[in-house]
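Please look over the sequence and the model shown here before reading on. The paragraphs that follow lead through it step by step.

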Amino acid sequence: MTELQKMDPDWLVFHPAPKLPDFQLPKGAVDAHCHVFGPAAEFPFAPERKYTPCDAGKVELYALRDHLGFTRNVIVQATCHGNDNRAMMDACRSGGDLARGIASVRGDITEAEIREMHAAGVRGVRFNFVKRLVDDTPKEVFLAIANKIKHFGWHIVVYFEAQDLEEIEPFLKQLPTTVVVDHMGRPDVSKGVDHPDFQRFIQLMEDNTNIWSKVTCPERLSKQGPPYDDVVAYCAEIVARFPDRVLWGTDWPHPNMKSHMPDDGALVDFIPKIAPSKALQQQLLVDNPMRLYWA
Ligand SMILES: O=C(O)c1cc(C(=O)O)oc(=O)c1
């Protein structure tokens with residue numbers, strides 16, 4: 001790694017030895033939200049990045065998949081790689097049919113580039129609105145991308161925070177594909193499930209049947225820390241109301257965690273609290289991601 005790409009001094013490295021989960025995942029379970037970082041010597045981080053992480057490549061990711069008992073991964077382009085999707089695509093290619101990807105792309109992406117990404121396993125693009133992670137992209141640029149990728153049957157993953165939903169809601173409603181919201185739109189879990197911010201998100205899903213949610217990142221949203229009991233009600237509410245439009249993922253290697261680094265095995269043990277029946281677990285972990293990414 002070059003001196004320029006040295007990990008941030010306060011960076012927390014992923015858990016070195018996660019526990020074996022007590023919860024047994026259903027056969028064919030998909031970790032539908034995870035990332036790769038580098039390795040930087042092979043896939044340097046983007047100059048415009050807002051953080052410089054540790055290396056966390058495909059070798060470690062697939063070892064974690066096998067350790068936890070997942071079968072498949074959806075690898076979401078991390079913002080530290082900007083619009084350079086090489087690390088994510090290389091990981092997808094190595095995963096063969098067991099991996100899919102979500103890319104970040106420029107407005108002038110060509111059809112040939114989309115086709116190459118599709119061949120590598122990419123099935124969607126990510127639009128990021130979280131200001132601490134990315135510079136602003138004009139909505140016209142996102143719409144231009146949406147209109148290009150829709151012809152490939154791809155979908156759009158969006159990352160925003162609860163306080164910004166009101167502003168971007170009209171934009172979300174214009175999107176012509178399935179839209180997957182990262183981490184439930186990041187509710188403030190000190191406010192309660194009944195708070196208007198979270199209810200706005202529930203109403204958005206209620207009114208727009210193309211909008212899905214990842215019920216992920218209790219470790220990020222929790223104010224209490226492990227075992228993240230203060231996040232259960234939020235995830236459980238979405239799973240119960242929209243069982244055919246939810247996805248789950250580890251979020252490994254957990255970019256920008258500052259309070260603590262979660263044990264990925266303990267995160268898997270969170271699943272039965274939010275999807276209490278075998279039928280819900282099967283939808284969340286197998287049927288929904290297979291329909292969206294492997295159909
Ligand atoms: O909250 C975060 O810091 C975060 C960052 C990224 C990314 O940098 O891509 O992805 C995530 O899913 C979450």
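Where in helix 11 is the kink centred, and what is its angle? The kink in helix 11 is centred on leucine 284 and amounts to about 40°, the bend at a residue being the angle between axes fitted to the seven residues ending there and the seven starting there. This is a predicted model, in which local features need pLDDT of at least 70 and side-chain atom pairs count only at pLDDT 80 or more, while totals for chains, interfaces and linings use all residues. Residues are numbered from 1 along each chain as its sequence is written, and side-chain values use heavy atoms, with hydrogens and water left out.

Helices (H or I, at least four residues) and strands (E, at least two) are DSSP runs, numbered from the N terminus. Helix 11 covers residues 278-293, and at 1.5 Å a residue its 16 residues should span 22 Å, which agrees with the 22 Å between its end C-alpha atoms; the expected span is 1.5 Å times one less than the number of residues. Leu284 is among the buried residues of this helix, which also include Leu280, Pro289 and Tyr293, where buried means under 20% relative accessible area with a 1.4 Å probe and protein chains only.

The loops hold some backbone features to look at with care. Most residues other than glycine have a negative phi, and most peptide bonds are trans. The bond from glycine 38 to proline 39, however, is cis, with omega near 5°, and proline 39 lies in the loop between strand 1 (30-34) and helix 1 (58-68). Histidine 183 has a positive phi of about 50° although it is not a glycine, and this residue is found in the loop between strand 6 (179-181) and helix 6 (196-207). Because its relative accessibility is 2%, histidine 183 counts as buried. Aspartate 251 likewise has a positive phi, near 70°, and is buried, with a relative accessible area of 1%.

The last topic is open space. A pocket is an open set of points on a 1 Å grid over the protein atoms alone, where a 1.4 Å probe fits, with protein on both sides within 12 Å along at least five of seven lines; lining residues have an atom within 4 Å of a point. The largest pocket has a volume of about 400 Å³, a volume being the space filled by probe spheres set on the points, which are joined across faces, edges and corners. Of its 22 lining residues, those closest to the centre are Asn83, Ser104, Val134, Asp135 and Thr137, and strand 4 gives the largest share of the lining, 4 residues.

How values were computed. Buried < 20%, exposed > 50% of the residue type's maximum accessible area, 1.4 Å probe, protein only.
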